[in-house]
Amino acid sequence: MPDTSSTAHYHLPGLFEFYELYKVFLPLYREHREWFYEWCDIGSIYGAPADCLWGGGRAAFGDADVDDVLALVNEYGVSARLTFSNSLLREEHLADKKCNEICAAVVSTGSTTGGVIVHSDLLTEYLGANFPELYLVSSTTKVLTDFSDFEAELNRPEFAFVVPDFRLNKAFDKLSGLSQTQKDKVEFLCNECCDFGCKNRKVCYENVSRKNLGEEVADHKCSSPDAADGYRFSLAMKNQAFIGVKDIVETYLPMGFSNFKLEGRGLGSAVVLEFLLYYMTKPEAQLLVREAVYLDSMLDLF
């Protein structure tokens, strides 16, 4: 067992996309805390509604009502993070009414501090000036694979957290040399399924950014040999950058790292449930959680 003074903070996908799932899961997590590992908690849930100009990373499809979503996470003391990681924003996009209103809603209704995941330096500056109450997260869409670039990002005071490219997950010789202040800002992407040798990751993210800006562009064609099968958690577990429960408990927490991001906004809620079971739920309670979620007549997991 890990030192219980060390806590793994999970940052979960689908704030708007999987609202119905979290409406069932969060009460279970509160009412049956004994079903879940003592050494972890929910640091935030991230995502974006559909059709947000500032959106990035994945093409968002969440259609849940903003007020309903914020009421839910506030009730359970979970930070709401807006995924506004579009890398191609221009000055004229900063005035977008929908995105500004969502930021304002997080600020005005949140009893728990909200944040924004950003890529664009233009948006970073804008949010700092107009919504200083929101903490900022440097997005993994920057594809920071060079450790010196990653460390420079950690040293930027405007960011509360920095998500490196998943290919730095096991760079332990360099990660161990970070100060504790820097380690506290690192947020590892645990369950990426992308090919470790992919050279088109940034292009893939830019394709999503263009779509969110309303540009007519063809879908990015992934060159990974497993691309045709889509995301498979079983394949992600075989990725050399995969961070599993044992890794978190035996390696990352003892090294002083405490923030872990789970991807999955573009997946189905049934797959996201499997992440919640694997990363947060004790093995003997996984069936109990699965039954409670699947038997909820109001939730369609597929």
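Trainee: Is Thr83 buried or exposed?

Mentor: This is a predicted model. In it, Thr83 counts as buried because its relative accessibility is 5%, and buried means under 20%.

Trainee: Where is Thr83 found?

Mentor: In strand S3, which covers residues 79-84.

Trainee: And which residues is Thr83 in contact with, leaving aside neighbours within four places in sequence?

Mentor: Tyr46, Gly47, Ala48, Trp54, Gly55, Gly56, Ile117 and Arg265.

Trainee: What about Phe84, with those neighbours left aside again?

Mentor: Phe84 is in contact with Ala48, Cys52, Trp54, Gly55, Cys99, Ile102, Cys103, Val116, Ile117, Val118, His119 and Leu123.

Trainee: Which residues touch the most other members of the largest nonpolar core?

Mentor: Phe84 is one of them, along with Trp39, Leu127, Phe150, Tyr279 and Met280. That core has 86 residues. Helix H1, residues 19-31, supplies the largest share of this core, eight residues.

Trainee: How many residues are in the second core?

Mentor: Seven, and the second core is separate. Among them are Tyr46, Ile117, Tyr135 and Leu189.

Trainee: New topic, helix H10. Which of its residues are buried?

Mentor: H10 runs over residues 245-255, and the buried ones are Val245, Ile248, Val249, Tyr252, Leu253 and Met255.

Trainee: What covers the buried residues of H10?

Mentor: The cover includes three strands you can look up: S1 (8-13), S7 (187-189) and S8 (259-261). It also includes helices H6 (172-175), H7 (180-183) and H11 (269-280).

Trainee: Which residue just after H10 takes a positive phi?

Mentor: Gly256, with a phi of about 100°.

Terms used
Residues are numbered from 1 along each chain as its sequence is written. This is a predicted model: local features need pLDDT of at least 70, side-chain atom pairs count only at pLDDT 80 or more; totals for chains, interfaces and linings use all residues. Side-chain values use heavy atoms; hydrogens and water are left out. Helices (H or I, at least four residues) and strands (E, at least two) are DSSP runs, numbered from the N terminus. Buried means under 20% relative accessible area, exposed over 50%, partly exposed in between (1.4 Å probe, protein chains only). Contact means heavy atoms within 4.5 Å. A nonpolar core is a set of buried Ala, Val, Leu, Ile, Met, Phe, Trp, Tyr and Cys residues joined through side-chain atoms within 4.5 Å.
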